[in-house]
Structure formats: C-alpha cells, structure tokens
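Subject: Structure for you to look through, with notes

Dear colleague,

Please find below the structure that I promised to hand over, together with its sequence. My notes on what was found in it follow directly after.

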Amino acid sequence: MMDKPLVSLEHARKSFGDVAVLKDISLSVRQGEVVAIIGPSGGGKSTLLRCLTLLETLDGGTLSYGDVCVARDDGAGAVYAGKAVQKEAKARFGLVFQNFNLFPHYSVIKNVTDAPIHVQKRDKEEVLAHARSLLAKMGLSGKEDMVPCELSGGQQQRVAIARALCLNPDVLYFDEPTSALDPELTQEVLKVIRDLAAEHMTMVIVTHEMSFARDVADRIVFMDGGMVVEQGVAADVIANPQHERTRAFLTRYEAN
C-alpha cells in the first residue's frame with residue numbers, strides 16, 4: 001500500500017440546476033485496491049464516476065491523482081488546474097463505459113492502439129505488441145481486424161477493457177460494465193475483471209452485480225441520495241450492513 005492514495009476526492013459537491021446530485025462525498029483509492037460502488041439508480045454513482053474522470057466538473061471539493069491536484073476548493077467552489085495538469089491526471093486512469101463507446105468504423109486493433117499512439121505519443125510497434133497481448137488475454141486473438149459490429153456485446157466490452165488497459169493507467173474505472181449485456185455475456189466480462197483483480201489492478205467499479213461485488217471488491221461503498229451512506233469490507237457490508245438504507249437496498253436485491 002502506498003502512503004498517498006492513487007485517487008483522493010474530498011468534500012465533493014455537484015448539482016444539476018436545483019438538484020444536488022453529490023453531497024459532500026469523500027473517497028480515496030489506494031494502489032491495488034478494488035472498490036465497488038453500489039446503490040439505487042439516481043443515487044449519484046455515475047455522476048461520481050464522471051466527476052472522477054473529468055467528464056463533469058465539481059461544484060466544490062478537491063480531486064487529486066497521487067501528487068497531481070486536479071481541483072481544489074478555494075472556499076467559494078472547485079477551482080480546476082490548467083489543461084496540462086488535467087492531461088497529466090487523465091493519463092493516470094482508464095474508463096470502461098456501460099455501452100462500450102468503441103469507434104464503429106475502426107478495427108479492433110485501431111480502437112485499442114489509437115490513443116496510446118496519437119495521444120500518449122508512444123512507439124507504434126511497442127503499442128501494437130502491447131495491444132495484441134492484451135487482446136489475447138481478453139480471449140480475442142484473431143479478432144484484431146474486425147470492426148465492432150462484427151462482435152458480440154461481451155466481445156465489444158472486452159475490447160473496451162483492452163483499450164483502457166493499453167493506456168497503462170494507474171486506476172481503471174468501470175461504469176456498470178455489464179448492464180448492457182445478457183447474463184451469459186455478463187459472466188464473460190466479469191471473469192476478465194476478476195482476473196484483473198487477482199493481478200492487483202486498482203479498480204473502481206459501479207455495479208449492480210452484488211455477488212460479484214462481494215467476491216471481488218476489497219471495499220464496498222453504498223451510495224444513496226447523493227451521499228456515501230455506508231462503506232466497509234465488501235463481505236461485511238453485504239452480509240451485515242450497519243445502516244437501515246443499506247439493508248433495505250440489499251433486501252430488494254435478494255428479493256429479485
């Protein structure tokens with residue numbers, strides 16, 4: 001474990017119009033840790049992820065990636081660092097969306113290698129070798145020249161994971177990575193994430209898969225109403241939730 005978290009978010013606030021979506025959220029993630037974020041729809045989980053990945057800006061609070069401070073609170077609200085600092089922060093994470101977000105006209109290999117070559121300016125041959133090894137690890141050898149529409153949803157999501165990993169991120173974010181998939185394809189993708197957890201990849205996963213969260217995450221964060229209601233060791237939160245709202249949420253899941 002590092003002394004300094006890979007990701008540190010303190011007193012985060014975010015509103016859309018008059019609706020407060022994040023209310024004083026603090027969260028840190030350490031190297032090698034797998035954090036699952038669970039909770040009802042509309043609880044702020046995806047907005048939290050979008051703020052962590054700079055797709056949305058915080059109204060208030062601080063956000064750092066290791067020693068890179070992206071946003072700090074000056075008392076009146078969140079003040080963001082310049083483009084160079086934000087670019088440095090963005091190089092430290094990868095993001096896997098629920099709907100894959102692959103470029104439809106790019107081949108699989110171009111989807112995976114485009115950003116490392118053109119954004120990170122890395123050596124093309126090194127990136128291609130890395131991409132091929134990642135695709136093999138994802139069970140996608142031989143699919144390099146296909147385009148996304150020729151693949152199943154589970155295969156597309158595994159390409160998306162390979163694309164994120166090819167950036168060599170410190171932390172990998174997943175926004176409900178299986179919600180667009182049927183049960184069989186869901187298991188394919190969850191196996192890949194399980195394997196990454198076994199390799200101590202640092203991950204933050206917004207998920208509705210409770211048994212997966214219990215088995216794979218080190219820590220579970222339960223969000224409701226834009227707040228962190230409860231967090232703790234994954235197995236403890238699932239088996240013995242301390243807060244009534246957490247209990248009610250988990251009971252509903254068991255009932256389904």
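Predicted model: local features only at pLDDT ≥ 70, side-chain atom pairs only at ≥ 80, totals over all residues.

Residues are numbered from 1 along each chain as its sequence is written, and side-chain values use heavy atoms, with hydrogens and water left out.

**The protein as a whole**

The protein has 9 helices and 11 strands, where helices (H or I, at least four residues) and strands (E, at least two) are DSSP runs numbered from the N terminus. Its radius of gyration is 18 Å, close to the 18 Å that the globule rule gives for 256 residues, so the protein is as compact as a globular protein of that length; the radius is taken over C-alpha atoms, and the rule is 2.2 Å times the number of residues to the power 0.38. Along the principal axes, the C-alpha trace spans about 50 × 45 × 35 Å. Of the 256 residues, 52% count as buried, a term that stands for under 20% relative accessible area, with exposed over 50% and partly exposed in between (1.4 Å probe, protein chains only). Among contacts (heavy atoms within 4.5 Å) between residues at least 6 apart in sequence, 64% join residues at least 24 apart. The accessible surface comes to about 12000 Å², and 50% of that belongs to carbon and sulfur atoms; these areas come from the Shrake-Rupley method with a 1.4 Å probe, and for residues only the protein chains shown count as cover.

Helix α4 covers residues 124-137, and at 1.5 Å a residue its 14 residues should span 20 Å, which agrees with the 20 Å between its end C-alpha atoms; the expected span is 1.5 Å times one less than the number of residues. The buried residues in α4 are V127, L128, H130, A131, L134 and L135. They cover an arc of only 165° around the axis, which puts them on the same side of α4, the arc being that of the directions from the helix axis to the C-beta atoms. The cover over these residues includes α3 (108-118) and α5 (153-165). At the N-terminal end, α4 is capped by D123, with a side-chain oxygen 3.3 Å from the backbone nitrogen of E125. This is a polar contact, meaning a pair of N or O atoms within 3.5 Å; within protein, one must be able to donate a hydrogen and the other to accept it, and residues adjacent in sequence count only if both atoms are side-chain atoms.

Helix α3 is itself mostly covered, with 8 of its 11 residues buried, namely V108, I109, N111, V112, T113, D114, P116 and I117. These buried residues pack against α4 and α5.

**Two buried polar side chains**

In helix α5 you will find Q157, which is buried with a relative accessible area of 0%. A polar atom of the Q157 side chain lies 2.8 Å from the backbone oxygen of P177, and, leaving aside neighbours within four places in sequence, Q157 is in contact with residues including V96, F97, P177 and L181.

K14, in strand β1 (residues 7-16), is also buried, with a relative accessible area of 7%. A polar atom of the K14 side chain is 2.8 Å from the backbone oxygen of T57. Not counting residues up to four places away in sequence, K14 touches V19, A20, V21, L22, T47, C51, E56, T57 and D59.

Most residues other than glycine have a negative phi. D24, in strand β2 (residues 19-29), has a positive phi near 55°, and at 48% relative accessibility D24 counts as partly exposed. N101, in the loop between β7 (93-96) and α3, also has a positive phi, of about 55°, although it is not a glycine; at 42% relative accessibility, N101 counts as partly exposed.

With best wishes
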